[in-house]
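Please keep the sequence and the model in view while reading.

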Amino acid sequence: MRTKSKGLVSIVMPCFNSELTIKQAINSVIKQDYINWELIIVDDFSTDNSVSIIKSYLNDRRIKLIRSENNAGVAEARNKALRESIGEFICFLDADDFWISNKLTLQLSILNSGICDCVHSSYYRFSENHIKLRKCRAIVSYKDIQKNNFIGNLTGMYNCERLGVFYQKDIGHEDYLMWLEIINKSRFSIGILEPLAFYRMQQNSLSS
């Protein structure tokens with residue numbers, strides 16, 4: 001297991017043919033008011049201009065690119081990033097979604113207080129002509145998440161120094177199973193009611 005860097009946030013970003021959206025995703029990380037992060041982008045064998053766009057950001061040493069030699073799917077793409085991560089904290093952002101600029105700061109203020117090892121938030125689901133607020137629960141217990149996935153993957157963050165690293169299984173609902181395992185160990189997750197992320201609804205997204 002890699003030695004974890006205190007205070008560092010490892011951001012996992014899978015990418016597949018995301019040339020139309022990945023700039024907005026990366027820029028939303030760069031604009032975070034918390035600056036101690038690493039963004040690990042795993043390109044899952046894109047056939048469009050995604051890799052060229054990502055390479056244009058690599059002058060920022062916090063941004064790392066891993067290229068897959070074949071299309072292995074979103075779970076393996078995330079796992080490749082997780083294996084390379086060195087942050088005390090781990091969170092997720094797909095290449096077609098984006099964050100509000102204070103997302104990391106607000107969530108770290110809770111995690112660093114010591115009251116919990118996992119946090120999440122409300123978020124917006126949006127398409128070209130539709131937007132809807134998805135309000136989160138103030139607390140998600142293991143009993144809660146056994147009934148439904150109340151944690152939007154792009155909003156969750158956990159302390160992997162305390163909980164360990166949780167890899168995803170290629171089962172079609174990989175993020176749900178991962179959060180089940182995380183909450184089983186952390187016992188609960190605290191939710192920030194303010195929406196901190198935007199989830200793009202489109203049929204060809206990795207999440208879809």
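**A strand and its partners**

Within strand S4, Cys91 is the bridge partner of Ile11. The model is predicted, so local features need pLDDT of at least 70 and side-chain atom pairs count only at pLDDT 80 or more, while totals for chains, interfaces and linings use all residues. Residues are numbered from 1 along each chain as its sequence is written, and side-chain values use heavy atoms, with hydrogens and water left out.

Helices (H or I, at least four residues) and strands (E, at least two) are DSSP runs, numbered from the N terminus. S1 pairs with S4 (residues 87–92) in the parallel sense over 5 bridges; pairing requires at least two DSSP bridges between two strands. S1 also runs parallel to strand S2 (residues 37–43), joined to S2 by 7 bridges, and there Val12 stands opposite Ile40.

Attention now turns to the largest pocket. A pocket is an open set of points on a 1 Å grid over the protein atoms alone, where a 1.4 Å probe fits, with protein on both sides within 12 Å along at least five of seven lines; lining residues have an atom within 4 Å of a point. The largest pocket is lined by 27 residues, and Tyr123, Asn149, Ile151, Gly152 and Asp175 lie nearest its centre. Strand S6 (118–127) and helix H7 (174–186) each give two or more residues to this lining, and S6 gives the most, with 4 residues.
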